[in-house]
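Hello,

Here is the structure I promised to send over. Please have it open while you read, and my notes follow below.

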Amino acid sequence: MSRAAAPVRRIPLALRILLLVALVHGLAWSVATAPLEGPDELAHAAYAQQLAETGHAPSRNGGDGTASAAMGMLWMGLNLGPIIGHPEGRPFWSRVGPVSREADRQPMDNGSGPNPAGNYPPLYYAYAAAAYRLSPDTGLLARLWVMRFAGVLLFVAAVGFAWLVAAELLRATWQRVLATAVVALQPKLGFMAGVINPDIMLVAIGTATLWVGLRTGQRGVTLRRAIALGVLAGAAAFCHPRGLFLPPFAVLAVIVGLIRMRPPLRTWRTWVTPVVVCGVPALIGVVAAVAWTRAHAAGAAFGTGSPVAGFNLRQFLSYVWQFYLPGVDGMAPKVGPAYGYRQVFVESYFGSFASLETNYPLWVYGWLQVGVGLLGIATFAVAVRRTGVLVTRWPAVVLGAAFCLALMALLHVVSYGSLRGSTGGGGDPVITGRYLLPMVSLFGCATAWVTGALPRRLQPLVAGAVVGAFVLLAISGLGITAVRFDG
Amino acid sequence: MGRWALGAAIAVLALATIAKIGPWVTAERGAPAVTPSLGGLSANNPLRVEPGHLVCVAPVPLTGQARIVQLNVHAPRRAQPLRASVTAPGYRGTARIPADYPVGYETGVYGTLSQPPPGDVEGRVCIRNVGERAVELAGTQEPRSQVLAQTTLDGRPAGTSIALSLHGEPASALSRVGTIVDRAAALTGLLPVASVWILLVLAAIGIPVAAVWTITRGAREDGPVA
């Protein structure tokens, strides 16, 4: 008994508590959000079910139905599909029993497509399919919830990795606690943990990759770290198209670690071997993801419909500028709708639950915008004031910046690709706040770092206030969502 | 130092609870009991109803909580009275919607049922224009808002779904916690109601206590560093 408990005891008490906070937070979201009401949750759940029932993934382009007959019956019979986007709509609670029983008598294996998520690589769906098969109850509603529970476990893992990232970047225990608490209480992350969606696996893998990358960059390359980085980056690519930003980051981390260690140039194997053992699994993941996508979605993601086809650098730079800042004279009008920093970094990063229609009151977003703006300005100011420290710790700075820039570059390229052909302010920007969540541990660390730069008397006050504010965001978001679906 | 962190966290939580969360959970508001037919998100295709004509929506999963019929009406010049009837095997409730709503734009109108449905039962909701001029009921033909229930006009498919909902009596979120927990548990298909109650307590009390405790202890352990 005591031997079994020993590894748990080695985990710092504060982290153990924060892992429990994350578990409760994610579980609460999994219950507060009605089934299939998360972002594109029908497509993701249908993918996992098809994989679990038949061993084959659905196609993006064709097939016998987006979802199985059973899932389709829940979708319409419980009013779950029609109420998406309708905050005034409610599920048919009184029909749960009969519709659920009827759904369980329907075919479960006829959701071969067309599925909008069909071009996604299968790693997350295989994980969710395993949860589907392991469900103690074979009813479809229960299986859907068990797949959500599997996502909650990934959230708990992400919080654990966020602690390790904080431990690489921050010295004081209270700063690590603050950085990790910000992750464990981030309401949008908790929400995404509580629905069926590969984003939560990308967050967990991305945070783990960041941790190993920072460790490699700061402490030097070992074979194990290089392999771990490669495997994680390859897994990210095989989990999610947005995971493609991680393979270059992993290789960069190895290179930074090598530069930090400065092995003699004549021992070329010392330089080449870590890059190869990192690059090969990462490349395998990328190639497998590309091959998978080509097999399941002709023309999408990596084909002629790719966002990088017909890329115009000048227009792209103009689009990125106007995403964050007002346009200047001589600049072409922004492609796409009036959609930018506030919508992505504030509203849908913290709120916009369910399928974006469940929101905090507007004044909350106003305060969050002020808070995020202050954090950005303060981070810049502290960086300028502590340039000497940052120069000393250049590997962490380079890798942290590269992680964020690589993700943002990928998101903006894809968004620009989607909007490129649109006219009259139309088009789908395909960039939303939850896409930023792989950076959430750096957001927590920035919060803790800036707080640590305040005058000593203010530090605990601000740290306590930040934790209090995040608790409020988490609980009020849960309350609003529970009332929206069940009140 | 931990004291200051504790004090700040408690101050933020207390202030927000008193100023915002408390009033929100205790404020009485109407809650949809069933929303069998929805309006459009991007397309509004109203249904014109001439005097004496009858619009029906069926099937509607009625619940015992339903007390008020709501729909959205546009009367171009003068408001027209409407009469709603809600029927199910062994049950008939009626509601008058008086002609006292604003005209010239789409507006929500309400009628209180003469008696609530007996419980969870499949039924039908019908609206008759008992006025002298035509009115338009808000509705949509957009595919994403289509529901199981069909809207008919004088017994024939209307080609559009009207926005219709039945509401319970106004009540606070706090007073409906039991109902919310029951419904949330049912929709998991797995969790017993008791476990959702435990989760609710852990989320509402456990999360704040644990989060505040960790930052307080962290601040006490090593004190802040510059």
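Two strands pair if DSSP finds at least two bridges between them. Helices (H or I, at least four residues) and strands (E, at least two) are DSSP runs, numbered from the N terminus. This is a predicted model, in which local features need pLDDT of at least 70 and side-chain atom pairs count only at pLDDT 80 or more, while totals for chains, interfaces and linings use all residues. Residues are numbered from 1 along each chain as its sequence is written, and chains are lettered from A and ligands numbered from 1 in the order in which they are written.

First, the confidence. The predictor gives the complex an ipTM of 0.94 and a pTM of 0.94.

Strand 6 (residues 82–88) and strand 9 (residues 121–129) of chain B run antiparallel and are joined by 6 bridges, with B:Thr87 opposite B:Arg124. Strand 4 (residues 54–62) of chain B pairs with strand 12 in the antiparallel sense over 4 bridges, and there B:Val57 stands opposite B:Thr151. Strand 4 also holds B:Pro59, and the peptide bond from B:Ala58 to B:Pro59 is cis, with omega near 0 degrees.

Strand 12 and strand 13 (residues 156–157) of chain B pair antiparallel over 2 bridges. They form a hairpin with 2 residues between them, and B:Asp154 in the turn has a positive phi of about 55 degrees.

Where does B:Thr152 lie? It is in strand 12 (residues 150–153) of chain B, opposite B:Pro157 in strand 13. Two residues are in contact if their C-beta atoms, placed from the backbone, lie within 7 Å; leaving aside neighbours within four places in sequence, B:Thr152 is in contact with B:Cys56, B:Pro157 and B:Ala158. A residue is buried if 20 or more other C-beta atoms lie within 10 Å of its own, exposed if 12 or fewer, and partly exposed in between. B:Thr152 has 17 such atoms, so it is partly exposed.

A:Leu36, in the loop between helix 2 and helix 3 (41–54), is buried because it has 27 C-beta neighbours inside 10 Å. A:Leu356, in the loop between helix 15 (341–350) and helix 16 (362–385), has 16 and therefore counts as partly exposed. Neither is a glycine, yet phi is positive in both: about 65 degrees for A:Leu36 and near 80 degrees for A:Leu356.

Finally, the contact between the chains. It takes 65 residues from chain A and 59 residues from chain B. Helix 20 (458–486) of chain A is one of the helices that each supply at least two residues of the side of chain A that touches chain B, and helix 20 gives the most, with 18 residues. By class, that side has 42 nonpolar, 16 polar and 7 charged residues (Ala, Val, Leu, Ile, Met, Phe, Trp, Tyr, Cys and Pro count as nonpolar, Asp, Glu, Lys and Arg as charged, and the others, Gly among them, as polar).

Best wishes
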